[in-house]
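Thanks for asking me to look this one over. My notes are below, as numbered points.

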Amino acid sequence: MKFTSWFLPVLFTCIGLWGLGQGVDVYAALVRGAEEGLGILLRIVPALMALLPAIAMLRASGAVEWLAEAWEPLWTALGIPPECAPLMLARPVSGSGALAVAGELIRTYGPDSHIGRVAAVMMGSTETTFYTAAVYFGAAGIRKTRHAIPAALIADLTGFLAAAWTVSWLFGPN
């Protein structure tokens with residue numbers, strides 16, 4: 001029997017037994033947690049209902065590819081492969097869209113190519129900023145994000161730059 005097939009049941013059993021040993025009504029705690037989770041879901045859904053179609057329209061319109069081509073001189077000057085620009089534009093907006101772009105880059109250029117490595121490191125070095133902000137700010141009921149989005153986008157840009165520079169440093173320039 002594989003480790004993965006029994007790990008979760010054993011973990012949940014241990015947690016339940018530990019809770020009982022601490023005098024916690026485990027079932028009541030489970031139900032209370034489920035109620036809180038549903039409440040959070042109800043607060044998050046409106047933001048997701050607006051965000052997900054907007055992401056799909058942005059990708060379908062070709063705006064991501066157009067921006068990537070328009071900013072190609074900037075990417076080259078920063079040491080970022082211009083081919084990775086669609087990934088940089090999609091990643092803050094859509095995790096699944098960015099994964100599709102990264103997969104296409106890796107299929108086209110190969111996993112051991114400079115572009116493939118940069119794409120893979122970029123995926124692991126950045127976040128789906130707008131999705132994450134919509135979920136967490138929506139759950140907390142925050143309407144005015146002030147400087148959170150610009151700061152998160154600066155962090156994404158830093159992650160993209162660090163990814164490209166680190167791959168170049170470790171594996172050599174393209």
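1. Which residues line the largest pocket? They are Trp71, Trp75, Met88, Leu89, Pro92, Val93, Phe130, Leu153, Ile154, Asp156, Leu157 and Phe160. A pocket here is an open set of points on a 1 Å grid over the protein atoms alone, where a 1.4 Å probe fits, with protein on both sides within 12 Å along at least five of seven lines; lining residues have an atom within 4 Å of a point.

2. A word on the source before going on. This is a predicted model, where local features need pLDDT of at least 70 and side-chain atom pairs count only at pLDDT 80 or more, while totals for chains, interfaces and linings use all residues. Residues are numbered from 1 along each chain as its sequence is written, and side-chain values use heavy atoms, with hydrogens and water left out.

3. Back to the largest pocket: its space comes to about 230 Å³, a volume being the space filled by probe spheres set on the grid points, which are joined across faces, edges and corners. The lining divides into 11 nonpolar residues, no polar ones and 1 charged. (Nonpolar is Ala, Val, Leu, Ile, Met, Phe, Trp, Tyr, Cys and Pro; charged is Asp, Glu, Lys and Arg; the others, Gly among them, are polar.) Helix α9 (148-171) gives the most, with 5 residues, and α5 (85-90) also supplies at least two. Helices are DSSP runs (H or I, at least four residues), numbered from the N terminus.

4. Have a look at the surface too. Phe3, Trp6, Phe7, Leu8, Val10, Leu11, Phe12 and Ile15 make up a nonpolar patch with about 750 Å² of accessible area together. Such a patch joins nonpolar side chains (Val, Leu, Ile, Met, Phe, Trp, Tyr) within 5 Å, from residues with over 30% relative accessible area and no salt bridge; areas come from the Shrake-Rupley method with a 1.4 Å probe, and only the protein chains shown count as cover. Val10 sits in helix α1 (residues 3-21) and is partly exposed, at 37% relative accessible area. (Buried is under 20%, exposed over 50%, partly exposed in between.)

5. Now the salt bridges (a side-chain nitrogen of Lys or Arg within 4 Å of a carboxyl oxygen of Asp or Glu): the count is 2. Arg107 pairs with Glu104, closest N and O atoms 3.3 Å apart. These two are 3 residues apart in helix α6 (residues 95-109), so about one helical turn separates them. Arg117 meets Asp112 at 3.9 Å, N to O; Arg117 is partly exposed at 24%, whereas Asp112 is exposed at 61%.

Notes
Patch = residues over 30% accessible without salt bridge, like charges linked within 9 Å, V, L, I, M, F, W, Y side chains within 5 Å. Buried < 20%, exposed > 50% of the residue type's maximum accessible area, 1.4 Å probe, protein only.
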